[in-house]
Amino acid sequence: MLAMDQGVVEEWLSEYKTLPDSAVSTYAASLKDKGALVPAIYKVIRENYSDLLEPVCHQLFEFYRSGEPQLQRFTLQFLPELLWSLLSVSAARDPHTSGCIEALLLGIYNLEIVDKDGQSKVLSFTVPSLSKPSVYHEPSTIGSLALTEGALANHGLTRVVYSGPHLQRETFTAQNRFEVLTFLLQCYNAALSYMTMTSLQSLCQLSSRVCICGYPRQQMRRYKGINTRMTVTSDFLVQLITGIHYALCNGEVELGSKALDDVLYRAQLELLPEALLVGNAIKSSLHGVALKNNAKDGGRSIQVEITPTSSRISRNAVTSLSIRGHRWKRHGVNCERMSNGDSLRPRPEGETLCGPAEVGHEVMAVRNQEVRRQKSVRRMSPLLHLQQSRGNLGNHVWGVV
């Protein structure tokens, strides 16, 4: 580590200790202007034997415990690098060099699982219904859903999934390690829109390294780090995929694509259905989509395919206008649409268009003629029916004779 980077970190460690409580918000807003600070902290985290690692972890925990959102997000941006340091040290079976990192991660976890009153949090998530449109799907693109009794009974019902309460942890064990790390990644993903590009790159590198270390793909990726296979869980990979999806859509196309392929590679080897389902769904949705190579092109977002809707009325729609036009065509009268598009006028062959007043008189004349014709038909109907009955009766009498 360079002496200049060390000086930047030491200055950062000292200035927060002498800061009054009233100036915390102003100090938090000024951190983004210190361009040399974040790269220097990354270098400290990557050097497991650095003398500054323990005070840096303690400072990051103080940031998170302060409750200031900007300071908490400043700490969260280093989470992927902290997770990789912990996992790599655990795989190398040298836990003595990661004590301060473990304490930092456990401290963030224990702060997040409780509310301000110290009660355990229970997080709720609403699962969208496939029968109703959302930002992720259109029911018309799925196909016709069978209207069974069970489907009708569940129509309109919302399914809510709960997470928690979570137990407090004092140390990492083989049983609870990925439970804690998965929850921390969930907290990281909740603040993805605030993460820097360096943090997103670190997340993609973490995903690739965790999934390929100790497998043949490590040689293809030419990664010369540790060669020990790391145990992963399906929930942990799903959280990684969530972050990779965001990175893919916000500038990290190359790193994100490699990371997604590596996670799917590991999920196939381990036969993890949840990770395979989410990863392949994201990969299919991004197929043929032009992703942004630079996050500065616009606001950060997740790209989804939305079925376009049309506000125009179908040409085959049955309206009063179409019925009127059909009636005139049936009687051999040519029709023209008026300039305002609201009505039709009869137009004999060879006649030129005329003014609105004349068109109105002609339309009224045709309407009156149609009404008189219908009335005359109704008057003649009983007489015609009587004459027809008499004719049938006469034929019947002559037949008998």
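At what angle do helix α4 (residues 53-65) and helix α7 (residues 99-112) pack, and how far apart are their axes? In this predicted model, the angle between α4 and α7 is about 5°, and their axes lie 9 Å apart. Angles under 35 degrees count as roughly parallel, and α4 and α7 are therefore roughly parallel to each other. On the α4 side, the residues that meet α7 are Leu 53, Glu 54, Cys 57, Leu 60, Phe 61, Tyr 64 and Arg 65. Their partners in α7 are Cys 100, Ile 101, Leu 104, Gly 107, Ile 108, Leu 111 and Glu 112. Sorted by class, this contact of α4 with α7 holds 10 nonpolar, 1 polar and 3 charged residues.

Helix α14 (residues 253-270) and helix α15 (residues 273-285) have axes that come within 9 Å and cross at roughly 145°. The crossing of α14 past α15 is left-handed. From α14, the contact draws on Leu 260, Asp 261, Leu 264, Ala 267 and Gln 268, while α15 supplies Ala 275, Leu 276, Gly 279, Asn 280, Ile 282 and Lys 283. The residues of the contact of α14 with α15 comprise 6 nonpolar, 3 polar and 2 charged.

The loop between α14 and α15 deserves a look too, and Leu 271 is found there. Most residues other than glycine have a negative phi. Leu 271, however, has a positive phi of about 55° although it is not a glycine. Is the side of the story told by accessibility one of a buried or an exposed residue? Leu 271 is exposed, with a relative accessible area of 68%.

Methods
Residues numbered from 1 in each chain as written. Predicted model: local features only at pLDDT ≥ 70, side-chain atom pairs only at ≥ 80, totals over all residues. Heavy atoms only, no water. Axes fitted to C-alpha atoms, helices over the stretch in contact; angles between N-to-C directions. Helix = DSSP H or I, 4+ residues; strand = E, 2+ residues; numbered from the N terminus. Left-handed = near helix turned anticlockwise from the far one by under 90°. Contact = heavy atoms within 4.5 Å. Nonpolar A, V, L, I, M, F, W, Y, C, P; charged D, E, K, R; others polar. Buried < 20%, exposed > 50% of the residue type's maximum accessible area, 1.4 Å probe, protein only. Parallel < 35°, antiparallel > 145°, perpendicular 65-115°, else oblique.
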